[in-house]
Amino acid sequence: REPPIDFSRANRFKASRATVYADVNVHQPREYWDYRGTELRLAPSTYTRGPKIGHGTYGDVFLARERDPVGGGHLVLKYLRPIKKKPWIHTREIMILRALGGNRSCIRLVDAVLATDEIE
């Protein structure tokens, strides 16, 4: 039989603090970290969706092309599914991609648009 757990010892542990970037949000404007209080500015879609190439927790990923024939390069679209309990998840996802995108570990966010069609 194991001895009972002494929960009084657990109270002696101090909260941990990050050693790197612990105060990063202090030096940023509120729009950088407040995803629940930020309203996204979305443009109409200018992309044509192609085949589905993947999926994630919050949406599906499609190959796409710009509708403009001059600059019509290939890109990837991520359709975010509606989440009733946490509607701010989409805002957080887009803000993270805007902040981190373009470095060697994360793709660059080209645009955030309001989709007018549904995902099949």
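How many bridges pair β3 and strand β4 in the antiparallel sense? In this predicted model, the count is 7 bridges, with β4 covering residues 74–80.

Across the chain, the mean pLDDT is 75, and 78% of the residues reach 70 or more. Among the elements of the chain, strand β2 (residues 47–55) has the highest mean pLDDT, at 86, whereas helix α1 (residues 7–10) has the lowest, at 60. Where pLDDT is low, the predicted coordinates should not be read in detail.

β2 pairs with strand β3 (residues 59–66) in the antiparallel sense, over 6 bridges. The link from β2 to β3 is a hairpin of 3 residues.

Taken together, the 3 strands form an open sheet with antiparallel pairing, in the order β2-β3-β4. The edge strands are β2 and β4, each of which pairs on one side only. From one strand to the next, the twist averages 35 degrees. When looking at such a sheet, it is handy to remember that in a regular strand the side chains alternate between the two faces of the sheet.

Note on methods: Residues numbered from 1 in each chain as written. Predicted model: local features only at pLDDT ≥ 70, side-chain atom pairs only at ≥ 80, totals over all residues. Heavy atoms only, no water. pLDDT = per-residue confidence, 0-100. Helix = DSSP H or I, 4+ residues; strand = E, 2+ residues; numbered from the N terminus. Pairing = 2+ DSSP bridges. Axes fitted to C-alpha atoms, helices over the stretch in contact; angles between N-to-C directions.
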